[in-house]
Amino acid sequence: MFFLQATNSTNVTYVVYFGTFGMLLLAVGLIVFIVIHQRKVIYFQLRMKKMQEEQQQMMLQASIESQEEERQRIAADLHDDAGPLLATVRLYLNENLIHQDQATQLQSIYNAKQIIDDTIQLIRNMSHSLIPPTLKNFGLESAVNDMFQKINGSGSISASARFHDYKRRLKLEYELSIFRVLQELVNNTIKHSHSSFIHLTQNKTDQYIYIRIHHDGEGLTQTEYEKLRDTPQGMGLKNIFSRVKILNSKILFEKDPSNTYYKVTIEIPIEAML
Amino acid sequence: MLIPILAFFLNKGNKQLYFKKIILLFFILKLVNEVINNYFYYRLYNVYVLNGIVFSYLKMVLICMIYKSIASTTLLRKGALIGLFIYASALTMYLIFFADGNYYDKIPSSFQGILLITLSILFFYEQIKKPETVFIYALPEFWYVTAVFLHAAGTFFIYIFAKFWLQDATNENDYNNIHGILTIIYNLMIGFAVWKQYRDPFLKTTTTSKPITA
């Protein structure tokens, strides 16, 4: 109302002064707010970027460490198992063999043959542990059934799998990675969950393939998984995360609404199918 | 007024930038406008028509071109074009139906002020919305818009009330002081904007061309 009543010169002067001062104050305030806000946003983005880089670094580290672990295991197997076996064969087939009687010679050759067979079996086992032949030849379904059969054989836990729609197989690299993820999940379940059963199901929609593991022991929720994954100890979970990420898939850890079961769902895009 | 022109020629890089060229053109036009105004004013001619009709339109066309060229979204680009159209229509209506040819009638300038404040707010809004990694004050266009925004906001009231307020000759000094200070700040800041190169204080790098993100 003051502005409307400003009819004499003094009042107009006040209006002009206050109006100008007020407008300038508002303008400066707005500019300062924008600068501060933008700085905050940029620093936040930079922090996020740094965190992402750190996480990627951790993933890379985990992947390198797991590769190194695998190499060390193979090296140890070769050195500790295949090495002594072949050394023993060498002992049986030494230069003195020709100076011995025929019966001893035959016995030595027979023993060497036995040890060579054992070595072949050992190397085959090592090779199978790297790429399961069932997986390569018959696919994920057979490999999972094979793995579950072995688990059932131990008698400590009941394991079952049901593939509802797996007529078309996944691409080999997907099958191998998914199998490794399933192996890790099943191992974790056996080691940590104290569950009495593990049940795996496979389903398919128009866009995704779902592989779900249920168990009745102690499990993880998504938050716990993400928290554990980011700790230096969560090597297996990091591997799961990086494998799933490379496959452009998703993994979800949940507790059943009935609080009885834990479930882990892997969502794979349909493009991964052959 | 010479500061931005000098800054343009003293600036070793970024002369190729379109908006800086328009700023140069704008200030040359403004300089010509002032010279002509003063020439006619001291010879007691009424400069209202020349000032109000010819230069107001031309200057606003150039300012809207500057805003259009520094816009990174269609919002500001459209805003500049629509704003110019509305301003031109409002100014034409005012000049035809309401203007009395008084030298102190600064209402057309307050129309400009409204448009400039709106365009500046649109510019700041699009800068806030932009997923940007370059600090806003590292951009020359920020300094240009800040200068225009402060000047438009500061002179808004004195322009609206000029005709009435300046009836009393004692107020003319105050008017000149406020207007003069704001114009000096405006020219200095625009000079700085014209002189400034794209330099991100965080990345400590200087580029001679406009960054893709800006």
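Start with α7 of chain B, where the buried residues are N171(B), L182(B), Y186(B), N187(B), M189(B), I190(B), G191(B), A193(B), V194(B) and W195(B). Buried here requires 20 or more other C-beta atoms within 10 Å of a residue's own, exposed goes with 12 or fewer, and partly exposed is what lies in between, with C-beta atoms placed from the backbone. Helices are DSSP runs of H or I with at least four residues, strands are runs of E with at least two, and both are numbered from the N terminus. The 25 residues of α7(B) reach 36 Å from first C-alpha to last, close to the 36 Å expected at 1.5 Å a residue. That expected span is 1.5 Å times one less than the number of residues in the helix.

Before going on, a word on what you're looking at: this is a predicted model, in which local features need pLDDT of at least 70 and side-chain atom pairs count only at pLDDT 80 or more, while totals for chains, interfaces and linings use all residues. Residues are numbered from 1 along each chain as its sequence is written, and chains are lettered from A and ligands numbered from 1 in the order in which they are written.

Now take α6(B). This helix is mostly covered, with 23 of its 26 residues buried. At 1.5 Å a residue, those 26 residues should span 38 Å, and the end C-alpha atoms of α6(B) are 36 Å apart, which agrees.

The contact takes 22 residues from chain B and 20 residues from chain A, counting two residues as in contact if their C-beta atoms, placed from the backbone, lie within 7 Å. On the side of chain B that touches chain A, α5 (107-129), α6 (140-165) and α7 (171-195) each supply at least two residues. The largest share of that side, 11 residues, comes from α6(B). By class, the chain B side has 15 nonpolar, five polar and two charged residues. For these classes, Ala, Val, Leu, Ile, Met, Phe, Trp, Tyr, Cys and Pro count as nonpolar, Asp, Glu, Lys and Arg as charged, and the others, Gly among them, as polar.

Stepping back to chain B as a whole, its secondary structure comes to seven helices and two strands, running α-α-α-α-α-α-α-β-β from the N terminus on. Buried residues make up 37% of its 214 residues. Of the contacts in chain B with a separation of 6 or more, 73% are accounted for by residues 24 or more positions apart. M65(B) counts as buried because it has 20 C-beta neighbours inside 10 Å. M65(B) and L84(B) are 19 residues apart in sequence and 9.5 Å apart in space, C-alpha to C-alpha.

Over to chain A, which has eight helices and five strands. From the N terminus on, its elements run α-α-α-α-α-β-α-β-β-α-α-β-β. Buried residues make up 19% of the 274 residues in chain A.

One helix pair in chain A is worth a look. The axes of α7(A) (residues 222-229) and α8(A) (residues 235-246) come within 8 Å and cross at roughly 105°. That makes α7(A) roughly perpendicular to α8(A), a label for angles of 65 to 115 degrees; under 35 is roughly parallel, over 145 roughly antiparallel and the rest oblique. Axes are lines fitted to C-alpha atoms, for helices over the stretch in contact, and angles run from 0 to 180 degrees between N-to-C directions. Y225(A), L228(A) and R229(A) of α7(A) make the contact with L237(A), K238(A) and F241(A) of α8(A).

Finally, some loops. N248(A) is found between α8 and β4 (250-255) of chain A, and its phi is near 60°, a positive value in a residue other than glycine. H194(A), in the loop between α6 (172-193) and β2 (197-204) of chain A, has phi near 55°, also positive. H194(A) counts as exposed because it has 12 C-beta neighbours inside 10 Å.
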